[in-house]
Amino acid sequence: IDLFAGIGGIRLPFSEMGYKCVFSSEWDRHAQRTYLANYGEMPFGDICKESTKKYIPNQFDVLLAGFPCQAFSIIGKMRGFEDTRGTLFFEVASILKKHQPKAFLLENVKQLTTHDKGKTFKTICETLTELGYSYKWKVLNALDFGVPQKRERVIIVGFLNPILTEEFSFEFEKRPYDLGAILEDDTSVDPSLFASDMILHKRTERTEGKKIFFPSVWHENKSGNISILDHACALRTGASYNYLLINGRRRPSSRELLRFQGFPETYRIIVSHSEIRRQTGNSVPVPMIRAVAERMDKLLKNIINIIQFKLLMEHPRLRDRNKLITQELYPINEIPEDIIFKIAGYFAYLLYVGRKDITGNDWGGAFAQAINGTHLDSPVGIADVVIGKMAWSMKTVKNSDPLSATRVRLISGRC
């Protein structure tokens, strides 16, 4: 689901990977129009209203939200989840609490981590933990993801399964950016975007003695100082109309503003330039989100293999140079729930087709199917199941009836 959706910048990479959005929410009517034009869906309105939240499906896998930064009233309270009541993050937290999706991706301004002397972020982190999630966070910069815009955002990624959180990494290889590649020719730009002679004269005076190069973005800060850069500073909705000038001469076009955020050329523009300026100022760098989304997707789609590898590392009976090292037996109720369900389904099928007896080798077959391995039916009980270079076996322990077993032995080793 896509909360505080804006124009769908966080959703876009997930849609590219085949995820189906089952609910979206955005209160701004102009952003809703842009969202509808590009995704074919009109987002629901204010997520704070129960009349909106009632349309959220009971089950979904991933929650996405770029929620606004607000302070929490926590002095003297320290009640975790309850302290967030009345804020927009509370709406995110309450949805996580009720629906328990497998994963979430939250995005916010860099300043969230220091807001209210760090109290705001501390409450958010404590709340996520209270709700049963493990998470990682990092401040990322769009410049490192091939986008010619310095836009720093804190990204929080969390999973219900702590193994996936442990495996997740925010370490990405930096990609070069190219300002010239996203700029339009001046001859094709709306004449209304060119700065007046008065503005041009002021810019010339304030850049006297500075190195001027092209292509460039001339950025004016709040004190009036002009920086000549090979990238844009963060797009902002409430900034001066002329705070960014392309080559010191004109304001960015609507298409260029979308390119500064990494939106594809196919992204449709159906609102005014002033609205696109506001919408892109509130949006996210798509390539940055895409890198995070792809990493989340890889983990979610390989959860069984990741879990089995972790079990192998942490609870093995290892065969190393023909020497067996025996560890404690593995209680069935500590095996990940989704693996248990798959094993149970396998045995249910055997009973359905009329099998009267279930052997130890059937356990190996069930385990192989549960973790997408290959069952070898080895008589020595060491290499019954193979994934890559790892060999596994799963056997009941001292029990003539495998269906009533309460413990199993995991046996593994390198092929």
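Modeller: Two strands pair if DSSP finds at least two bridges between them. Keep that in mind for the sheet. Remember too that this model is predicted.

Colleague: How many strands form the open sheet, and in what order?

Modeller: Strands of a sheet pair through backbone hydrogen bonds, either parallel or antiparallel. Here 3 strands form an open sheet, ordered S8-S7-S10, with antiparallel pairing. Strand S8 (226-229) and strand S10 (244-246) are at the edges. Each has a single partner strand, so one side of each lacks a neighbour in the sheet. On average, neighbouring strands of this sheet are turned by 20° against each other, direction ignored.

Colleague: How many bridges join S7 to S8? And how many join S7 to S10?

Modeller: S7 and S8 run antiparallel and are joined by 4 bridges. Strand S7 (residues 217-220) is joined to S10 by 3 bridges, and these two also run antiparallel. Trp218 has Ile228 as its bridge partner in S8. His219 stands opposite Leu244 in S10.

Colleague: Which residues of S7 point one way, and which the other way?

Modeller: Val217 and His219 point one way, Trp218 and Glu220 the other. All are buried. Now look across the sheet. Helix H7 (residues 197-206) lies across S7, S8 and S10. H7 runs at about 90° to S7.

Colleague: What happens in the hairpin of S7 and S8?

Modeller: The hairpin has 5 residues between the strands. Gly224 takes a positive phi there, near 90°. Another glycine does something to note just after H5: Gly132 has a positive phi of about 95°.

Colleague: Turn to helix H5, then. What span does H5 reach from its first C-alpha to its last?

Modeller: H5 (residues 119-130) has 12 residues and reaches 16 Å, close to the 16 Å expected at 1.5 Å a residue.

Colleague: Which residues of H5 are buried, and what covers them?

Modeller: Start with the general idea. An α-helix has 3.6 residues a turn, so residues three or four places apart point the same way. In H5 the buried residues are Thr120, Phe121, Thr123, Ile124, Cys125, Thr127 and Leu128. Their cover includes helix H4 (88-99) and strand S3 (103-109). Strand S4 (134-141) and strand S6 (152-159) are also among the elements covering them.

Colleague: Cys125 is on that list. How many disulfides does the structure hold?

Modeller: The structure holds 0 disulfides. As for burial, Cys125 has a relative accessible area of 11%. Buried means under 20%. Cys125 is therefore buried. Cys21, at 15% relative accessibility, counts as buried too.

Colleague: Is Thr280 buried or exposed?

Modeller: Thr280 is buried, because its relative accessible area is 0%. Thr280 sits in helix H9 (residues 273-281).

Colleague: What does the side chain of Thr280 reach, and which residues does Thr280 touch?

Modeller: Its side chain reaches the backbone oxygen of Ile276 at 2.8 Å. Leaving out residues up to four places away in sequence, Thr280 touches Arg151, Leu235, Leu257, Leu258 and Gln261.

Colleague: And Lys342? What is its relative accessible area?

Modeller: The value is 36%. Lys342 belongs to helix H12 (residues 337-352).

Colleague: How many residues apart in sequence are Lys342 and Gln369?

Modeller: They are 27 residues apart in sequence. In space, Lys342 and Gln369 are 7.5 Å apart, C-alpha to C-alpha.

Technical notes
Residues are numbered from 1 along each chain as its sequence is written. This is a predicted model: local features need pLDDT of at least 70, side-chain atom pairs count only at pLDDT 80 or more; totals for chains, interfaces and linings use all residues. Side-chain values use heavy atoms; hydrogens and water are left out. The expected span of a helix is 1.5 Å times one less than its number of residues. Buried means under 20% relative accessible area, exposed over 50%, partly exposed in between (1.4 Å probe, protein chains only). Contact means heavy atoms within 4.5 Å. A polar contact is a pair of N or O atoms within 3.5 Å; within protein, one must be able to donate a hydrogen and the other to accept it, and residues adjacent in sequence count only if both atoms are side-chain atoms. Axes are lines fitted to C-alpha atoms, for helices over the stretch in contact, and angles run from 0 to 180 degrees between N-to-C directions. A disulfide is a pair of cysteine sulfur atoms within 2.5 Å.
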